[in-house]
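This briefing goes through one protein model by topic. The sequence and structure come first, then the notes.

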Amino acid sequence: MNTRQIAILLCCILSFTAWGQQSWKKGDCFRAFVYCNGQKVDANYCVRSVSAEVSLGYESYSHTAIDTTLAGCLEVPGKVTAPDGRAFLVTGVSRHALADCRRLTDVVLPDSIRDIGDQSFMNCCSLRTVVVPCGTRYLWPYAFRGCTKLQRIEVKAVIPPDSYNDVFDEHTLRFATLVVPAASVDAYRNAFVWNMFRYSIPDFTR
């Protein structure tokens with residue numbers, strides 16, 4: 001194969017790749033899905049980096065990830081696919097992503113989640129339970145403010161996630177039950193914010 005033939009072949013390969021997938025940049029958004037009561041519903045995702053990661057929602061306080069009238073149990077998938085077929089890992093919940101979803105009662109996040117953004121669940125006033133996955137490192141300010149019916153917060157992370165003192169309402173700290181890995185009870189009792197919960201119990205089921 002001569003040089004001209006090689007050049008033509010490379011052009012064909014590059015053209016096919018460009019046609020099949022677009023070049024995603026940080027901040028680009030697309031529509032995918034979440035599960036609400038086991039059914040797929042539309043949701044918005046935002047590209048976090050060139051390493052194929054996205055967060056649920058926009059990086060904005062003026063938009064939410066889903067229809068705020070959705071009710072019941074919300075489950076966020078660990079992976080989603082963009083319109084061009086490229087797969088992305090869901091590693092975060094953006095700021096304000098699920099704010100004012102006043103009819104959600106339960107939320108389950110995938111193990112791939114590393115951080116939960118500021119005001120991400122703010123004013124989810126029917127929310128009763130939240131499962132924070134094992135890979136979570138950060139909970140940002142006001143993430144669960146206004147979640148006045150929170151009864152149970154299950155944190156699967158062995159190392160307590162870094163949190164701000166205004167992540168939860170005083171009512172939540174006083175009355176909700178914090179469930180943590182049995183081997184990490186002492187770590188949570190000595191970690192800022194987590195040591196403010198009045199009721200905390202070890203999870204012996206894992």
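**A charge over a ring**

The charged end of K40 lies over the ring of F33, 4.4 Å from the ring centre; the rule asks for NZ of Lys or CZ of Arg within 6 Å of the ring centre and within 35 degrees of the ring normal. This is a predicted model, in which local features need pLDDT of at least 70 and side-chain atom pairs count only at pLDDT 80 or more, while totals for chains, interfaces and linings use all residues. Residues are numbered from 1 along each chain as its sequence is written, and side-chain values use heavy atoms, with hydrogens and water left out.

**Overall make-up**

- The protein has 3 helices and 14 strands, taken as DSSP runs numbered from the N terminus (helices H or I, at least four residues; strands E, at least two).
- Of its 206 residues, 46% count as buried; buried means under 20% relative accessible area, exposed over 50%, and partly exposed in between (1.4 Å probe, protein chains only).
- Among contacts in the protein with a separation of 6 or more, 49% come from residues 24 or more positions apart; a contact means heavy atoms within 4.5 Å.

**Nonpolar core**

- The largest nonpolar core holds 55 residues, of which F30, Y45, I66, F121, F144 and F168 touch the most other members. Such a core is a set of buried Ala, Val, Leu, Ile, Met, Phe, Trp, Tyr and Cys residues joined through side-chain atoms within 4.5 Å.
- Strand β1 (residues 29–36) gives the most to this core, with 5 residues.
- In soluble globular proteins, nonpolar side chains tend to be buried together.
- Leaving out residues up to four places away in sequence, F144 touches I116, F121, L127, V130, L139, L150, V167, F168 and D169.

**Aromatic pairs**

- The whole structure contains 13 aromatic pairs. Rings of Phe, Tyr and Trp (its six-membered ring) pair if their centres lie within 6.5 Å; planes under 30 degrees apart count as stacked, over 60 as edge-to-face and the rest as tilted.
- The ring centres of W24 and F88 are 5.9 Å apart with planes at 90°, so this pair is edge-to-face.
- The W24–F88 pair links distant parts of the chain, 64 residues apart: W24 is in the loop between α1 (3–20) and β1, and F88 is in strand β6. Both residues are buried.
- Ring pairs join F121, F144, F168, Y188, W194 and F197 into a cluster.

**Cysteines**

- What is the disulfide count? The count is 0, with a disulfide taken as a pair of cysteine sulfur atoms within 2.5 Å.
- C101 is in no disulfide, and the nearest cysteine sulfur, in C124, is 5.2 Å away. C101 is buried, at 0% relative accessible area.
- The sulfur of C124 is 5.1 Å from the closest cysteine sulfur, that of C147, which is too far for a bond. C124 is also buried, with 0% relative accessibility.

**Positive phi**

- Most residues other than glycine have a negative phi.
- N37 is not a glycine, yet its phi is positive, near 55°; N37 lies in the loop between β1 and β2 (39–49).
- H96, also not a glycine, has a positive phi of about 65°. H96 is in the loop between β6 (87–93) and β7 (104–108) and is buried, with a relative accessible area of 12%.

**Links across the sequence**

The contacts below leave out neighbours within four places in sequence.

- D28 is in the loop between α1 and β1. Its C-alpha is 5.4 Å from that of V47, 19 residues away in sequence, and D28 is in contact with S23, Y45, C46 and V47.
- R103 is in the loop between β6 and β7. The C-alpha atoms of R103 and A71 are 4.5 Å apart, at 32 residues in sequence; contacts of R103 are T69, L70, A71, G72 and S126.
- H171 is in helix α2 (residues 170–175) and is partly exposed, with a relative accessible area of 40%. The C-alpha atoms of H171 and K149, 22 residues apart along the chain, are separated by 8.8 Å. Not counting residues up to four places away in sequence, H171 touches T148 and A176.
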